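Dear colleague,

I am handing over the structure we spoke of, shown just below. My notes on it follow, with the cut-offs given where each term comes up.

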Amino acid sequence: MSILNNNNQEIWKTALGEIETKVPKSSYETWFKFPKTQGKQISKDCFLIESESVFISEYLEQRMYSVISDVLCKLLDKELELKFKVLGSPLDSEDKIKNSLQDNKGSSLNLNSNYTFENFVLGPSNELAYAASIAVSENIGKTYNPLLIYSDVGLGKTHLLHAIGNKLVQDGSQFYYLTCEEFTNEYIKSIRTNKTELFRNKYRNADALLLDDIQFLIGKEQTQEGFFHTFNSLHLSGKQIVITSDRPISSLKLLEDRITSRLSGGLVVDIQLPDYETRLDILKKKVLLKGIKIKQEILESLSNKLYHNIREMEGSLNKILALSELTGKELDIESVEELLGNADTNSYFADPEQIILKVAKYFQIDISDMKGKSREQNLVIARQIAMFILREDSQMNLTTIGLLFGGRDHTTVLHGIRKIQTDAATNQNLRRDLLAIRSSVINN
Ligand code: ADP
Ligand code: MG
């Protein structure tokens, strides 16, 4: 046993030496340096990396998986799966280990686990996009490549992209999922730190790259260049690329015509506005997922209204759910009609600053403290609640939420959101706070 331990320490220290040459010095010092991290092989094909804090663990898992995995696989000359945990915390059950190992693949931590093919309702408006996404996920790199999914906002592009990702996680494929905003940030950082080579290599080893919201690249010439190279090297080696856009390619106005022509070389599918039946089915699915019972006639009335998109319809659903929970009354068609009477013309979009304001007001905290640096417990919780609601109700990405809170890192944001998610499952008071705040935002 002790021999094994010695070996383990040596292996990990050797690996660290190698990693030190591959990542920026500051990253190495912050995230890796012994004894911040310790590593050991826990089974024939599984290597456990323990670290000082949950932040480090999450960061390594999300951002450094492939770097660590490359080094260890070379060192031990075999395929290894990685597991991450905080030093001294108990080891998960065998099952959980398997699950979390799969989680490590790609950037699956960024995936919404509810956005699966099973939870995607099929209708005439989206069947082509759905079929193409299924085909691609079952046969990556071999059917339609690249696949581009196009629609107006709120119609299911991100859902389908995550569904592909979730399927790839199940199959154990290596892939990256990221928004073009994250791609841009990463690329710019690599230029700033002279690490463009590292950036390019990173994506080359993946089986697939899933990129959300390519319209974000409009006007960003330098990033388009980086994108073009990444795209080409993946495409040439038969790796799958899936991209979403909220504009038709012809009006993407990407500087590089060659990008546009590469994109049109694959399959382009669009998603249209759903018809009544599909809307009703989607509402039923969402209600089922929330584990709530609602009368059929209410859902029918809800899906009968006019919406700009599905996200807006979900907003209406959440609005009536919040109210019924707050008042404790069973929903009847009259009160729903009253509440949503003119939902045809009203659109529901939660304003981020309003959300932060309402949270601050609810807890009687100053906005400046909400956004400030203090780690006082009540401030930390208020911030985490605001982050959670921002993510849920305005669908902002982690980086943007972090920026709203004085430039906090996206891993901090992710940690906060997860904390609230977990706590809300068992803490009634927290659930009540969340409902009250969300409802005050809606009824502004
Ligand atoms: P987009 O990326 O096109 O802006 P999203 O994928 O974020 O849109 O979809 C907005 C919301 O609508 C999500 O909650 C998503 O789950 C839901 N949605 C869209 N289409 C469907 C569908 N066919 N079945 C179930 N939910 C859907
Ligand atoms: Mg989207």
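**Findings**

At 15% relative accessibility, Trp31 counts as buried, because buried means under 20% relative accessible area, with exposed over 50% and partly exposed in between (1.4 Å probe, protein chains only). Tyr59, at 11%, is buried by that rule too.

This is a predicted model, in which local features need pLDDT of at least 70 and side-chain atom pairs count only at pLDDT 80 or more, while totals for chains, interfaces and linings use all residues. Residues are numbered from 1 along each chain as its sequence is written, chains are lettered from A and ligands numbered from 1 in the order in which they are written, and side-chain values use heavy atoms, with hydrogens and water left out.

Rings of Phe, Tyr and Trp (its six-membered ring) pair if their centres lie within 6.5 Å, and planes under 30 degrees apart count as stacked, over 60 as edge-to-face and the rest as tilted; the count comes to 14 aromatic pairs. The ring centres of Trp31 and Tyr59 are 3.8 Å apart and their planes stand at 5°, so this pair is stacked. Trp31 belongs to helix 2 (residues 25-32) and Tyr59 to helix 3 (residues 54-63), so the pair ties together parts that are 28 residues apart in sequence; helices (H or I, at least four residues) and strands (E, at least two) are DSSP runs, numbered from the N terminus. Elsewhere, ring pairs link Tyr176, Phe183, Tyr187, Phe199, Tyr203, Phe227 and Phe231 into a cluster.

An open sheet of 5 strands has the order 5-6-7-4-8, with parallel pairing, where two strands pair if DSSP finds at least two bridges between them. Strand 5 (175-179) and strand 8 (267-270) stand at the edges with a single partner strand each, so one side of each is left without a neighbour in the sheet. Strand 4 (residues 147-150) runs parallel to strand 8 and is joined to it by 4 bridges, and Ile149 has Val269 of strand 8 as its bridge partner.

As to confidence, pLDDT (the predictor's confidence in each residue, from 0 to 100) has a mean of 83 over the protein chain, and 90% of the residues reach 70 or more.

Best regards
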